[in-house]
Amino acid sequence: MSKYVNPFTDIGFKIIFGQRASKDLLITLLNELLAGEHHITKLTFLDKEDHADNVSDKGIIYDLYCRTASGEYIIVEMQNRWHSNFLDRTLYYVCRAVSRQIESPSSKEVPVPEDPMTARESLVSYGKQYRLPTIYGIFLMNFKEESLEAKFRTDTVLSDRDTGKIVNPHLRQIYLQFPYFTKDLSDCHTLYDKLIYALKNMSNWNRMPDALKEQVFEHLARLAAVADLSEENRIAYDKALDRYRVNQIVEEDERRKNEEMRRKAAEEGMKEGMKEGMKEGMKAGLEKGVKKGRLEGIKEGRKEGMEKGEQKKQIEIARKMREDGISVDIIIKYTGLQSSDIENL
């Protein structure tokens, strides 16, 4: 049993970052994430529930919804398991946060003054209501999302497709795919890396590593200590941890089934390749045998059939290795094929 709560459980995440006592820790994490872009001095927790205007819509409950002293809004979400349309959901969350900042102009009656100068002032006032604060959506993901690049951090902005120039700076999304964070503690030289390393690994620790000496980690250790949880939080955490472990077992079983299916498909492909190769080789050999003589033709046919069958087998093996992302040099080494043959697969 780990000494510290698992931050990838709902209750564990809220214990570490969602309490009044954990506000300084959250500010530190956010400042490391937004270094060079924004610096937070004060943070206010807002109502996490976004009540829908439509009675048929259940609305949204954010994991964390905050406002900085300088007026930016920040959504922080922890997602432990992959689900379909995840990126659409995160965009919806940020857009709902944007819509909360403005009252719909269609619900207001805008007077049309006769004086042109008054009309101009009216239009200026009308435009002011669309002035937006920056909305940050920060998503901690304990899985890989195939629609994102295969890397730990992905930052998205609204930008021109051709030039990359940012068109509107007020909508920001940051995706953190924790399976891609593979650094050892000895490779973590910045506070940012150390924080990410701690979040990923702390549920396996019985004590904070000596290398994490900064005060922020002492604070993290106090907040996340399982032994210090209230009875209510301990009961909720134990239930959440059970669900987390069950989910891990289910996902591991699914991964093994998929690997077994791929292995069987590869074996079937090789068998089929050998069968077709032998068939084609024997046919070609028999045709030559008619011309060169029955005995010689049968010998050559068998030999050619075996060679083509073996080549077919090697091609099928090379195809599967390519699909698994193995380099061309290694494929050549183990199959004996030419690089041109492999490139044309």
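I began at Phe143, which is buried with a relative accessible area of 7%. The model I am reading is predicted.

I then looked up the ring partner of Phe143. The centres of Phe86 and Phe143 lie 5.3 Å apart and their planes stand at 85 degrees, so I noted the pair as edge-to-face. The cut-off for that label is over 60 degrees. Phe86 belongs to helix H3 (residues 86-99) and Phe143 to the loop between strand E6 (135-141) and E7, so the pair ties together parts 57 residues apart in sequence. Phe86 is buried as well, with a relative accessible area of 2%.

Next I went through the other aromatic rings. I found ten aromatic pairs in the structure. One of them is Tyr65 with Tyr73, a stacked pair at 6.0 Å centre to centre and 25 degrees between the planes. Tyr65 is buried at 3% relative accessibility, and Tyr73 is buried at 12%. I also noted one aromatic cluster, formed by Phe8, Phe152, Phe178 and Phe181.

I turned to the sheet. Six strands make an open sheet of mixed pairing, in the order E1-E4-E5-E6-E8-E7. Strands E1 (43-45) and E7 (153-159) are the edges, each pairing on one side only. Neighbouring strands are turned by 20 degrees against each other on average, direction ignored. Strand E4 (residues 64-68) runs antiparallel to strand E5 (residues 73-79), and four bridges join them. I checked Leu64 and found its bridge partner in E5 to be Val76.

Last, I looked at the surface. Ile326, Ile330 and Tyr334 form a nonpolar patch there, with about 290 Å² of accessible area together. Tyr334 sits in helix H9 (residues 328-335) and counts as exposed at 57% relative accessibility.

Terms used: Residues are numbered from 1 along each chain as its sequence is written. This is a predicted model: local features need pLDDT of at least 70, side-chain atom pairs count only at pLDDT 80 or more; totals for chains, interfaces and linings use all residues. Side-chain values use heavy atoms; hydrogens and water are left out. Patches are made of residues with over 30% relative accessible area and no salt bridge: like charges are joined within 9 Å, nonpolar side chains (Val, Leu, Ile, Met, Phe, Trp, Tyr) within 5 Å. Accessible areas come from the Shrake-Rupley method with a 1.4 Å probe; for residues, only the protein chains shown count as cover. A salt bridge is a side-chain nitrogen of Lys or Arg within 4 Å of a carboxyl oxygen of Asp or Glu. Helices (H or I, at least four residues) and strands (E, at least two) are DSSP runs, numbered from the N terminus. Buried means under 20% relative accessible area, exposed over 50%, partly exposed in between (1.4 Å probe, protein chains only). Two strands pair if DSSP finds at least two bridges between them. Axes are lines fitted to C-alpha atoms, for helices over the stretch in contact, and angles run from 0 to 180 degrees between N-to-C directions. Rings of Phe, Tyr and Trp (its six-membered ring) pair if their centres lie within 6.5 Å; planes under 30 degrees apart count as stacked, over 60 as edge-to-face and the rest as tilted.
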